Amino acid sequence: MRIRNRQPLIPAVVLVGLWVTTVPTATASVSPAPEGVTGIVQTIVVEQPRLDALADNAHITGGNSTGGNTTGGNNTDANVTGVGTDTNVTVKILRSGSKVVPLAEGSLPTTKDGTTVVVTVVPGEGGTKRVLSARTISAPVAPVAAAVPAAHDVYLALVVPKGATAESSLTGVSARAMVERVSRYWSDQTGDQVSFAATRVLAYRSAYSCAQTYDLWDEAAARMPEASGPGKHLVVVVPRGATALGCAYGLGTVGAVTADGNLVLVSGLNQSLLAHELGHNLGLYHSNSLQCGGTQDMTMVSRAFPGCQAKGYDDLFDVMGYSGASYGEANLNAVHLDGMRLLPSTVRRIAAGSGVTTARITPLSTTTDNRTLKVTDASGVNYFVEYRTDSGRDTVAASNPWHPAWGVRVLREDPMAPASAGSYELDATPTGSAQDYHRSIPVGGIFTAASRKLTIAVNAADATGATLTIANSTIAVVPSAATLSVPGMAMVGASITASTTVTDPHGLAVANWPVTLQKLPRGTTTWRSVRTLATTATGRASYRFANGLSGHYRWVTAPGAGSPSRFSPTVAVTSTARVVEARPASSMAHGGYLTVTGAISPVPAPVVYIQYRHPGGSWRTGPRATVAGTAVRSRILLNARTTTYTRLYVRAAIPYAGSTSGYYVTKTT
């Protein structure tokens with residue numbers, strides 16, 4: 001499999017493409033003879049590049065929190081790589097002695113890493129071997145942890161591939177310095193239980209080109225055979241510019257803290273890139289994001305999330321996400337802390353169906369116990385909660401061009417990776433924007449799991465920690481109460497707003513729940529639906545509309561598993577038919593008829609009268625007006641030699657209240 005080096009969506013130095021050894025295939029007239037190979041199965045994570053990153057980033061300007069702060073691509077990197085929606089594309093290889101045998105796509109899909117097998121193979125596409133049959137010799141045996149010292153040995157092969165130009169900055173001194181910086185990162189993240197030391201550095205020109213990745217590894221292994229064994233890592237470093245010749249930018253085999261046979265290939269030296277690939281050697285997969293439009297979380301179906309966009313590497317804090325300056329340099333996320341199993345006291349576990357729990361977590365940059373949460377909901381999904389602040393390694397978010405938000409974050413396991421080996425960052429405040437990196441739960445906000453059996457509320461947060469309320473039920477967290485806010489009186493045609501807040505049995509807001517505003521028109525017995533909406537992250541929904549005739553309003557929630565529909569209190573809204581008089585003649589001759597016109601709200605069968613009075617007198621009702629649609633017209637005889645005040649009056653009916661217009665003055669001469 002060969003993947004061209006491309007440019008990413010985000011200006012990050014990350015990740016890798018996979019190049020395989022070119023092996024001559026048999027001629028069409030001669031069938032290849034099957035070959036027997038004995039080896040140990042191992043997985044390689046293939047990083048998926050994309051084309052559009054530098055082009056996109058070149059147009060990023062400004063410094064707002066949802067975009068970047070580069071201008072003209074100043075923070076871009078000619079060797080940046082990134083991914084699309086595939087989060088963990090993997091291939092299998094066999095380690096046969098000091099040789100790497102690449103297998104065709106789909107080979108040994110269910111065979112666990114570390115299994116020793118005998119396979120019968122024939123040449124496949126792109127220099128791979130196609131497996132015809134396989135027989136297991138021995139299952140994987142975990143090495144004894146005590147046999148692996150905290151300081152892992154890194155064997156560095158500084159290789160100039162055939163046809164490539166050497167990089168002057170790539171020296172034994174610079175390579176050792178980079179390993180030392182990477183070692184400080186992993187030592188810090190594992191409580192000094194994993195570190196790295198550059199045991200040997202060997203520089204040479206290779207007989208193989210960039211297209212022959214496996215041969216580059218085999219060549220390095222032959223020169224440094226001592227690089228094989230638990231806690232040892234063979235790292236091939238090619239010049240950074242070699243990516244233009246087809247070299248991968250980075251590659252790492254999946255192992256474990258105690259595994260052997262660890263292989264890495266990187267182009268140039270970059271702290272978070274090398275740390276990322278060594279993270280694969282330690283057993284970790286990728287840190288991704290899951291964006292589901294306006295929804296916080298979705299149910300997994302057949303190991304996928306219909307309706308969501310899975311963005312590989314899109315956790316901008318974690319080392320197993322994007323790599324580069326200000327990317328992947330923050331603290332290891334809660335999922336990976338759990339997956340490495342080196343610091344079990346950092347993770348507090350909350351079992352499914354545990355009811356309501358109040359938890360206090362400290363910033364991820366601290367070293368306190370129980371600083372992260374692993375919450376299992378009744379559907380069996382594990383959610384991880386962490387709190388990132390502007391402290392320690394997490395301060396790097398301030399210099400990242402996308403400014404990922406600090407705060408309480410919720411992650412879930414990647415179903416395509418082993419348990420707690422890969423993660424999805426969820427968006428607790430979804431806007432639907434792919435460039436929205438404000439994904440934390442705000443204070444007062446609530447995250448609701450896809451099963452609706454789990455809610456996580458942030459009650460308070462400061463520099464020392466965050467206080468959370470976790471409601472973990474065995475049945476779906478569904479509404480138990482709904483409120484209604486709407487004005488009790490309004491003119492027909494005026495804009496009014498009806499709002500609701502939906503809460504669960506624990507008094508917590510229920511997010512993303514369908515609610516319908518209903519109306520019972522006065523004088524009828526049937527409720528009618530006005531509008532259906534979904535509650536926000538704070539459990540609220542509101543609808544602004546033009547008021548109609550009088551009636552009663554209520555909100556009703558959709559029924560859920562274990563709960564019927566919930567109805568808000570009913571509120572009566574009295575609608576007033578608005579009538580407006582147009583200015584009549586300001587003076588009239590005595591004995592003449594004054595014509596009065598105006599307009600009325602569109603109400604059924606309105607009855608409108610002219611009302612009049614003279615100075616010092618009370619209002620009297622005069623002739624009934626003619627109404628045509630919303631137009632009103634009538635006249636009154638002016639038989640008094642004095643000033644006359646006129647106005648229009650609409651009589652109340654069952655579906656609306658009456659009203660009077662403002663008045664005008666007409667003088668009689």
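The protein exposes about 26700 Å², and carbon and sulfur atoms supply 53% of that area. Accessible areas come from the Shrake-Rupley method with a 1.4 Å probe; for residues, only the protein chains shown count as cover. The model is predicted: local features need pLDDT of at least 70, side-chain atom pairs count only at pLDDT 80 or more, and totals for chains, interfaces and linings use all residues. Residues are numbered from 1 along each chain as its sequence is written, and side-chain values use heavy atoms, with hydrogens and water left out.

Of the 669 residues in the protein, 53% are buried. Buried means under 20% relative accessible area, exposed over 50%, and partly exposed in between (1.4 Å probe, protein chains only). The secondary structure comes to five helices and 39 strands. These are DSSP runs, numbered from the N terminus: helices are H or I with at least four residues, strands E with at least two. Contact means heavy atoms within 4.5 Å. Among contacts between residues at least 6 apart in sequence, 69% join residues at least 24 apart.

The largest pocket has a volume of about 1400 Å³. Its lining holds 50 residues; closest to the centre are Thr-43, Asp-113, Val-254, Tyr-285 and Pro-418. Pockets were located on a 1 Å grid over the protein atoms alone, as open sets of points where a 1.4 Å probe fits, with protein on both sides within 12 Å along at least five of seven lines; lining residues have an atom within 4 Å of a point. Grid points are joined across faces, edges and corners, and a volume is the space filled by probe spheres set on the points. Strand S1 (35-46), strand S2 (89-96) and helix H5 (334-340) each supply at least two lining residues. S2 gives the largest share, five residues. By class, the lining divides into 25 nonpolar, 16 polar and nine charged residues. Here Ala, Val, Leu, Ile, Met, Phe, Trp, Tyr, Cys and Pro count as nonpolar, Asp, Glu, Lys and Arg as charged, and the others, Gly among them, as polar.

In helix H3 (residues 213-223), nine of the 11 residues are buried, so the rest of the structure largely encloses it. Among them are Tyr-214, Leu-216 and Trp-217. Helix H4 (residues 271-281) has 10 of its 11 residues buried, so it too is largely enclosed. The buried residues of H4 include Leu-273, His-276 and His-280. They pack against S1, helix H2 (172-189), strand S7 (195-205), strand S8 (232-238), strand S9 (250-254) and strand S10 (262-267).

Strand S21 (residues 465-472) is likewise largely enclosed, because seven of its eight residues are buried. Two strands pair if DSSP finds at least two bridges between them. S21 runs antiparallel to strand S14 (residues 355-361), joined by seven bridges. Thr-357 stands opposite Ile-470 in S21. Eight bridges join S21 to strand S20 (residues 454-462), again antiparallel. Ala-461 has Ala-466 of S21 as its bridge partner. A hairpin with two connecting residues links S20 to S21.

A second hairpin is formed by S25 and S26, with six residues between them. Strand S25 (residues 514-521) and strand S26 (residues 528-534) pair antiparallel over six bridges. Val-515 stands opposite Leu-533 in S26. In the turn, Gly-523 has a positive phi of about 90°. S22 meets strand S24 (residues 495-503) over two bridges, and Ala-482 has Val-502 as its bridge partner in S24.

Ala-378 lies between strand S15 (372-376) and strand S16 (382-388). Its relative accessibility of 33% makes it partly exposed. Leaving aside neighbours within four places in sequence, Ala-378 contacts Ala-352, Lys-453, Asn-472, Ser-473 and Thr-474. Leu-454 is 76 residues from Ala-378 in sequence but 8.0 Å away in space, C-alpha to C-alpha.

Most residues other than glycine have a negative phi. Arg-341, not a glycine, has a positive phi of about 60°. Arg-341 sits in the loop between H5 and strand S13 (347-350) and is exposed, at 59% relative accessible area. Ala-605 has a positive phi near 45°. Its loop joins strand S32 (593-600) and strand S33 (608-613). At 68% relative accessibility, Ala-605 is exposed.
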